[in-house]
Amino acid sequence: MTSPNLAYPTATPSGAAAGGRARTGRNTELLLLLFGFVITVVLSAASEGALIDTIRLDSLVLPFLVLLLGLLAHVLVRIFAPYADPVLLPLAMLINGIGVVVIHRVDVPSETDDSFSKFATIGPFDGLGVQQVLWSGVAVVCFCIVLAVVRDHRTLSRYAYTLGLVGIVLVAIPALLPGRFSEVNNAKVWITIPGVASVQPGEFAKLALFVFFAYYLVRKREVLSLASKRVLGIEFPRPRDLGPVLVVWVLSVLILVVEKDLGSSLLYLGTFVVMLYIATERRSWLIIGAILFGFGAVVAYSLGTWLGPFRNFHDRVNFWLDPMSDPLGNTYQLSRSLISLGVGGLLGTGPGAGDPTSVPLPRSDFIVATIGEELGMFGLTALLLVYLLIVLRGVKAGTMARDPFGKLLAAGLAFSVALQVFVIVGGVTDLIPLTGLTTPFLSYGGSSLVANWILIAMLIRISNDSRAPGQVTGGGRGNPPPQLQSVATEVIKL
Amino acid sequence: MNRTLRRSALVVFVLFLALLGNLTRVQFFQARSLAENPANPRILKDAYDTPRGTIMVGRDPVAYSKDTGGVLRYQRYYPKGEEYAPITGYTSLVYGSTGIERYENSMLNGTDDTLLTQKLSDTVTGKKSAGANVLLTINAKAQDAAWNALKGRKGAAVAVDPKTGKILALVTSPSFDPNPLASHDDATIKKAWNSYDPSSGSGPMANRALGGGGPWPPGSTMKVIVSAAALENGYNPDTNIPAGSSYQPSDGGNEIHNDVPSICPQDQVTMLVALRDSCNTGFARLGVKLGADTVINKAEQFGLNKSMTIPMLGQDQGMPVAKSVTGDPKGDSQVAQSSIGQFNVAETPLQEAMIAGAVANDGTEMTPYLVQEIQGTDYSALRTAQEHKYGQPISADTASKLREMMNAVVSSGTGRNAQIDGIEVGGKTGTAEHGNGAPEHGWFMGYARDNGDPKVAVGVFLESAGESGSGDATQIGGDIMKAVLGK
């Protein structure tokens with residue numbers, strides 16, 4: 001079956017202008033970066049104004065440092081990906097800047113605290129805000145390195161199997177390590193060297209795995225889209241082709257059980273199934289994925305009443321169903337989060353006027369509640385729309401990409417951001433059971449920032465390729481990997 | 001692939017729409033109820049940021065707030081723990097509050113309108129507003145005596161001042177320690193709570209003095225009400241009434257016997273002797289003769305079948321007391337059983353003390369109260385309790401005759417354990433069966449008068465204490481009265 005919108009625009013991509021210099025969008029990017037800086041500065045100044053009744057120049061320092069990082073990234077993009085989507089970088093940087101300001105704000109005691117007098121002495125380099133700027137610096141440097149080293153995203157497909165293996169190893173390490181090297185807050189997802197540092201390998205594993213998924217699915221899409229049976233008008237794949245999806249399903253169940261990490265489990269399974277759907281154009285995969293997920297959830301929940309490893313999941317579901325049932329005990333975290341959101345209401349208490357420390361982990365897992373209290377539903381909605389834009393720009397990069405691997409990788413990466421935001425924001429706002437995922441670009445923590453900036457680097461790389469003028473693929477640098485060069489851009493289906 | 005890629009964007013839209021819709025639920029539709037949830041730390045912080053008023057007995061605190069320096073600044077302490085728990089109640093982060101902590105909350109937390117002027121002056125002087133203090137009517141010695149006498153047993157005791165209605169002692173055993181419930185540590189609170197067996201309804205948190213877990217059949221103490229009804233219907237203490245070793249009501253049912261054969265085996269005994277020796281057959285026949293309506297009517301004038309609360313000073317709602325009831329006896333057999341405090345009759349220890357108090361106070365029954373005074377932070381009186389007459393169930397003449405009979409109970413009848421040298425003491429014992437073969441409840445209601453001046457009335461209840469229950473209850477009643485009299 002073929003349809004008009006399958007006809008891939010191999011001719012002029014939108015970014016290319018006829019003759020002369022192509023529009024790169026780089027100046028737009030710079031302008032947007034500055035605009036994001038203004039928003040961050042306003043937020044920072046308003047917070048400080050509410051907290052200590054004066055606005056010092058100090059409040060400019062952290063946003064300015066973030067702007068510098070943005071400019072550094074911008075320069076690198078100008079050099080290494082001049083035709084890239086101009087919106088991705090400023091949007092991610094905006095969220096990163098908001099994160100820094102909010103994290104810094106949490107460390108400033110609020111007026112109701114007795115430590116009120118400490119206000120004036122809190123400078124821009126006190127607290128964890130500046131630490132987050134340092135992590136952002138590391139992340140942006142990694143972003144730059146990826147842009148500089150990976151000149152053509154198709155290079156990645158050459159290492160697909162290696163990356164897949166690396167991904168699985170990264171996921172498995174915390175599970176295999178003894179608890180004291182891997183368990184924090186009842187989630188076994190860390191590699192901790194006590195007293196030195198800890199890393200969340202899962203943040204990086206997801207990148208490696210999505211590269212592998214993209215490569216694998218592009219190669220197998222023909223087979224996986226072969227149909228065997230029609231049920232209710234939907235064609236289902238042959239049972240023997242269910243292998244890969246079952247493997248990923250088992251993997252995600254293992255993550256859930258051994259690492260008690262429902263969030264990552266959902267993230268891997270969900271992203272894989274959606275990539276599978278995109279690659280094969282078979283709705284049945286979505287249905288199979290949903291059934292497997294639903295089955296897994298129901299079984300895990302029922303087993304949780306008596307089987308230790310599933311208890312964590314069982315409890316979380318119960319807390320989700322009745323979040324105010326035990327506000328000082330079991331549902332402490334969730335009830336505090338919801339109360340904060342309720343106090344915020346539509347408009348919020350205003351920056352700096354909330355009580356962020358009333359929520360546990362106000363800088364990381366529950367930073368969305370912190371923002372929801374002070375900026376209200378409108379503020380959170382705006383934040384979610386920024387995320388939505390990032391995702392849609394990622395999907396757009398996918399639709400415009402000239403090779404199926406690039407398409408699928410961009411789509412997978414973009415969708416994983418959407419799913420991650422959905423899982424953590426949905427958890428904090430009691431839409432779904434609470435899980436411990438990080439909020440991309442926003443949460444305090446290095447692993448998450450570095451991984452997500454690498455993700456943006458990959459999307460920028462793919463979008464540069466698709467928006468670059470003319471037939472020159474990959475910016476004309478390097479040779480496309482042979483095994484993919486021959487693959488047709490679009491395969492016409494049955 | 002582009003078509004499915006675009007469709008996956010649709011999935012993204014659905015996910016974000018779900019998030020936004022849910023955000024609307026939480027931050028718009030439920031925002032108010034979430035913000036006003038008592039678990040809101042902002043509310044909690046406020047509530048715990050100022051010290052609650054002290055609950056005092058005389059000059060000693062039985063509940064006070066102490067600065068912990070923590071996020072929740074003031075923690076509640078109960079220095080007398082179990083002894084005063086049925087009065088103070090507790091205030092807890094998890095389980096709300098009970099007792100004075102609950103029913104005088106507006107005074108203790110300083111939100112009552114009465115305190116407005118003081119709060120204004122606090123605002124002007126920049127002082128941190130504290131709640132008002134609550135002075136109880138409790139007599140510490142009587143309370144100690146009651147607590148020491150009941151400790152280790154199951155039951156309750158109440159002492160009231162017959163002339164005013166002041167509650168002088170109110171004790172329940174077993175009791176609970178309110179201190180861990182007022183802790184700021186969730187685990188401590190819950191551990192204590194569960195150890196108090198909250199679901200049974202008759203655990204240590206049941207306030208037996210006010211009928212928590214009951215009320216219970218009063219047994220022979222009911223004969224006081226029957227006597228009152230008879231005295232107001234032409235009978236006198238020396239009127240002969242039919243008695244005998246057994247009585248078979250005309251409509252069948254259980255044959256009624258006396259506790260031991262030596263009690264009123266004669267065909268006729270005087271009312272005084274019948275009460276003094278606790279003659280079941282005599283009072284069963286008397287009740288039947290008077291008729292259910294007459295006896296129930298008298299019981300209701302004393303307060304049975306009426307819901308009751310102990311009035312507070314801070315709010316309209318008083319502290320609830322379980323309703324004492326007569327039941328609705330039909331036919332001679334049920335009326336006969338009811339007349340000796342069985343069948344469906346059930347009372348609270350407080351009700352018993354009120355009845356005894358009315359007899360002592362020439363027939364005038366006073367409304368019992370527990371809070372004497374609301375005091376500002378400087379202990380000056382902001383509001384003082386007023387006495388209230390509950391009713392006049394019997395005339396002064398009837399009361400005098402009834403005292404003659406009840407005095408005989410203590411001087412030469414079943415209630416000798418309550419005697420006090422040089423003091424006019426009257427009362428009535430009770431042994432109540434409940435359930436098949438279960439040990440009987442023991443009761444005592446009584447009063448003490450000093451030179452014709454009513455000083456104290458008590459109601460003592462020992463749950464499932466067996467044969468010796470009423471004797472022990474009488475002893476305890478006497479001890480409490482002695483403490484009130486300073487003997």
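## Two helices in chain B

Which residues of H8(B) meet which residues of H17(B)? On the H8(B) side they are Lys141(B), Ala142(B), Ala145(B), Ala146(B), Ala149(B) and Leu150(B). Their partners in H17(B) are Ile476(B), Asp479(B), Ile480(B), Ala483(B) and Val484(B). Sorted by class, this contact has nine nonpolar residues, no polar ones and two charged ones. Keep in mind as you look around that this is a predicted model.

H8(B) covers residues 140-150 and H17(B) covers residues 469-485. Their axes come within 8 Å and cross at roughly 160°. Angles over 145 degrees count as roughly antiparallel, so that is the label for H8(B) and H17(B). The crossing of H8(B) past H17(B) is right-handed.

## An annotated stretch of chain B

Staying with chain B, an unreviewed UniProt entry puts the feature "domain: Penicillin-binding protein transpeptidase" at residues 155-482. Along that stretch, the chain is 30% helix and 22% strand. Its end C-alpha atoms sit 20 Å apart.

## A helix pair in chain A

Over in chain A, have a look at H14(A) and H15(A). The axes of these two helices come within 8 Å, with a crossing angle of roughly 165°, and the pair is therefore roughly antiparallel. This time the crossing is left-handed.

By class, the contact of H14(A) with H15(A) has 17 nonpolar, two polar and one charged residues.

## Where the chains touch

How many residues of chain A are in contact with chain B? There are 50 of them, and they touch 35 residues of chain B. On the chain A side, H10 (262-280), H13 (332-344), H14 (367-400) and H15 (404-428) each supply at least two residues. H14(A) gives the most, with twelve.

## How confident is the model of chain A?

The mean pLDDT of chain A is 83, and 85% of its residues reach 70 or more. Confidence in chain A is highest in helix H2 (residues 61-80), at a mean of 96, and lowest in helix H17 (residues 482-485), at 46.

Two stretches of chain A deserve a mention here. Over residues 1-20 of chain A, pLDDT stays under 50, and the model has 28 contacts beyond four places in sequence for them. Residues 471-494 of chain A are also below 50, with 44 contacts in the model beyond near neighbours in sequence.

Definitions and conventions
Residues are numbered from 1 along each chain as its sequence is written. Chains are lettered from A and ligands numbered from 1 in the order in which they are written. This is a predicted model: local features need pLDDT of at least 70, side-chain atom pairs count only at pLDDT 80 or more; totals for chains, interfaces and linings use all residues. Two residues are in contact if their C-beta atoms, placed from the backbone, lie within 7 Å. Helices (H or I, at least four residues) and strands (E, at least two) are DSSP runs, numbered from the N terminus. UniProt positions are given in the numbering used here, feature names are shortened, and annotations may be inferred rather than shown by experiment. Axes are lines fitted to C-alpha atoms, for helices over the stretch in contact, and angles run from 0 to 180 degrees between N-to-C directions. Angles under 35 degrees count as roughly parallel, over 145 as roughly antiparallel, 65 to 115 as roughly perpendicular and the rest as oblique. A crossing is left-handed if the near helix is turned anticlockwise from the far one by less than a right angle, and right-handed if clockwise. Ala, Val, Leu, Ile, Met, Phe, Trp, Tyr, Cys and Pro count as nonpolar, Asp, Glu, Lys and Arg as charged, and the others, Gly among them, as polar. pLDDT is the predictor's confidence in each residue, from 0 to 100.
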